[in-house]
Structure formats: C-alpha cells, structure tokens
Amino acid sequence: MEKATGVLERLLGEMNPSQDMALKACFYEERFQHLIEEQRNKIGEHQNQIIAKYYQDGIVLERQGDLVGAKFQYDHYIKARPQHPHGYVGLASLAIKKGDWEEANNQCLNAQKHDSNFPRLHHCIGLIYHQSGKFEEALNALQKAMDLEPSQREFSEDKLRIERILLQSMHERINHHIQEAERFIRVKQFTAAHQVLSHVHQAWQSRIEQHVYQDKFFHQVEKLLKQVEQEQKSSIEKRVEG
C-alpha cells in the first residue's frame with residue numbers, strides 16, 4: 001500500500017500545471033454530471049406526481065358529478081401518458097355515465113391496447129355487458145375487477161346489484177316454464193310437462209348454484225318434476241294392470 005501511494009505521489013509531483021488543470025477539470029466535470037443527474041431524477045419524480053394527479057383529480061371530479069372537469073383531467077393524463085390505460089378508462093367511465101355506450105366501448109378498447117389487467121377497465125366492461133343484457137359476462141368482468149383490486153367497494157357493489165338483476169331475470173323465465181308445465185299437468189299431458197321441467201332443470205341448475213341463492217322457483221321446478229314423474233309412473237302401472 002505504501003509503495004502504491006509513493007508511486008502516485010511521484011506521478012502527481014511530475015505533472016506540469018496544464019496536466020494538473022486537466023485532472024481537476026475531469027474531476028469537476030464528473031461531479032457536475034452527477035449533480036445534473038440528481039436534478040433530472042427529482043424533476044422526473046415531480047413530473048410523475050403531477051401527471052398522476054391528473055387522473056386522481058379526474059376521479060374526484062367524476063364522483064362529484066363534474067363530468068366536464070373530469071374529462072379535462074383525463075385528457076391531460078392521456079396527452080402525458082398515452083401508453084397507459086388510466087385516461088382511456090376514465091373517459092369510458094364518463095361515457096357510461098352519459099349513456100354513450102359506443103364511446104365507452106371504444107375507450108375500453110383503447111385501454112386494452114396498453115394494459116388488459118387494469119382493474120377499472122374490467123369494471124367498465126362489466127357495466128357495458130350489463131347494459132347490453134349480457135348479465136353473466138358482466139358478472140365475470142366485475143369478478144375480474146374485484147380479483148385485481150379486492151379493496152375497491154364500487155366493484156363489489158355493482159356485482160351484487162347485477163347478480164340481483166340476473167336472479168330476477170332467472171325467476172321470470174323459470175316461472176314462465178313452471179306455468180307452462182302446470183298447464184300440461186292440468187290436462188294430464190305429463191310427457192310434455194316433464195320435457196318442459198327437465199329442460200328448465202338442466203338449463204338453470206348450474207347457474208343457480210353458481211350464484212349461491214336458495215332459489216324458491218328452482219325448488220318448485222324440482223318438486224313439480226318429481227310430481228310429474230310419479231304421475232307418469234302411476235299412469236304406466238294402471239295401464240299394465242288393465
């Protein structure tokens with residue numbers, strides 16, 4: 001170590017003034033570049049905070065009902081971060097509130113190009129499916145939004161609301177088939193009644209179980225199905241005895 005230090009001191013001592021100035025210039029240039037890089041990083045962090053605030057302010061204004069102000073913020077975000085999904089999803093959400101479903105769908109497609117796993121994107125897709133009457137697709141999309149961001153209460157509330165609508169739709173359709181089967185039973189057309197009830201049972205069983213509801217209509221279908229099967233069995237036995 002002492003030998004190396006001595007060699008270095010000898011070399012520095014042999015330098016002429018111009019060489020000494022060049023060495024100092026290199027040192028200060030390196031330090032200056034380091035300071036520039038530090039400032040550049042600080043500016044970048046500050047800029048990111050400003051851009052993120054565009055999106056955050058857009059959400060706040062949207063929830064307050066200021067759709068014009070929210071659109072202004074989302075547009076600014078897109079200009080600054082066109083490769084991110086946030087701004088497009090914000091515009092999709094505004095379009096949904098206005099009832100412009102075509103625009104909502106277009107903005108969701110724009111967002112999907114950049115990040116197909118953005119939670120709020122799937123929330124918007126779920127609402128679009130719901131509007132078009134595709135309840136099960138809507139529930140699947142909302143479930144994905146919840147899986148990606150479990151803490152977002154808005155996602156779970158909308159999913160529960162659509163589940164109730166879907167269940168009501170199931171009730172109406174199942175009840176229609178029950179009434180049809182009962183008409184067949186009254187005129188002793190048990191084979192036709194059995195066909196109707198079997199179709200309902202097969203078509204709706206998995207859906208009812210999927211939504212974990214104690215469904216009175218579905219249980220009524222099962223009860224009627226057993227009744228029809230018993231009537232068919234009794235009818236066959238009577239014909240055999242005769």
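**Packing around helix α5**

Modeller: In this predicted model, α5 and α6 pack at an angle of about 145°, and their axes are 10 Å apart. The crossing of these two helices is left-handed. On the α5 side, the contact is made by Trp101, Ala104, Asn105, Cys108, Ala111 and Gln112. On the α6 side, Leu121, Cys124, Ile125, Leu127, Ile128 and Gln131 take part. Sorted by type, the residues of this contact are nine nonpolar, three polar and no charged.

The spacing of such residues along a helix has a simple background. An α-helix has 3.6 residues a turn, so residues three or four places apart point the same way.

Next comes α6 itself. Helix α6 covers residues 119-131, which makes 13 residues. At 1.5 Å a residue, α6 should span 18 Å, and its end C-alpha atoms are 19 Å apart, which agrees. How many of the 13 residues of α6 are buried? The number is 11, so α6 is mostly covered, with buried meaning under 20% relative accessible area. Among the buried residues are Leu121, Cys124, Ile125, Leu127 and Ile128, and each of these five also belongs to the contact with α5. Pro119, Arg120, His122, His123, Gly126 and His130 of α6 are buried as well. After α6 comes Gly133, with a positive phi near 85°.

The other neighbour to describe is α4. Helix α4 (residues 86-98) packs with helix α5 (residues 101-112) at an angle of about 165°, with the axes 8 Å apart. Angles over 145 degrees count as roughly antiparallel, and therefore α4 is described as roughly antiparallel to α5. The crossing of α4 and α5 is left-handed. From α4, the contact is made by Tyr88, Val89, Leu91, Ala92, Ala95 and Ile96. From α5, Trp101, Glu103, Ala104, Gln107, Cys108, Asn110 and Ala111 take part. By type, the residues of this contact are 10 nonpolar, two polar and one charged.

Taken together, α5 packs with α4 and with α6.

Conventions
Residues numbered from 1 in each chain as written. Predicted model: local features only at pLDDT ≥ 70, side-chain atom pairs only at ≥ 80, totals over all residues. Heavy atoms only, no water. Axes fitted to C-alpha atoms, helices over the stretch in contact; angles between N-to-C directions. Helix = DSSP H or I, 4+ residues; strand = E, 2+ residues; numbered from the N terminus. Parallel < 35°, antiparallel > 145°, perpendicular 65-115°, else oblique. Left-handed = near helix turned anticlockwise from the far one by under 90°. Contact = heavy atoms within 4.5 Å. Nonpolar A, V, L, I, M, F, W, Y, C, P; charged D, E, K, R; others polar. Expected span 1.5 Å × (residues − 1). Buried < 20%, exposed > 50% of the residue type's maximum accessible area, 1.4 Å probe, protein only.
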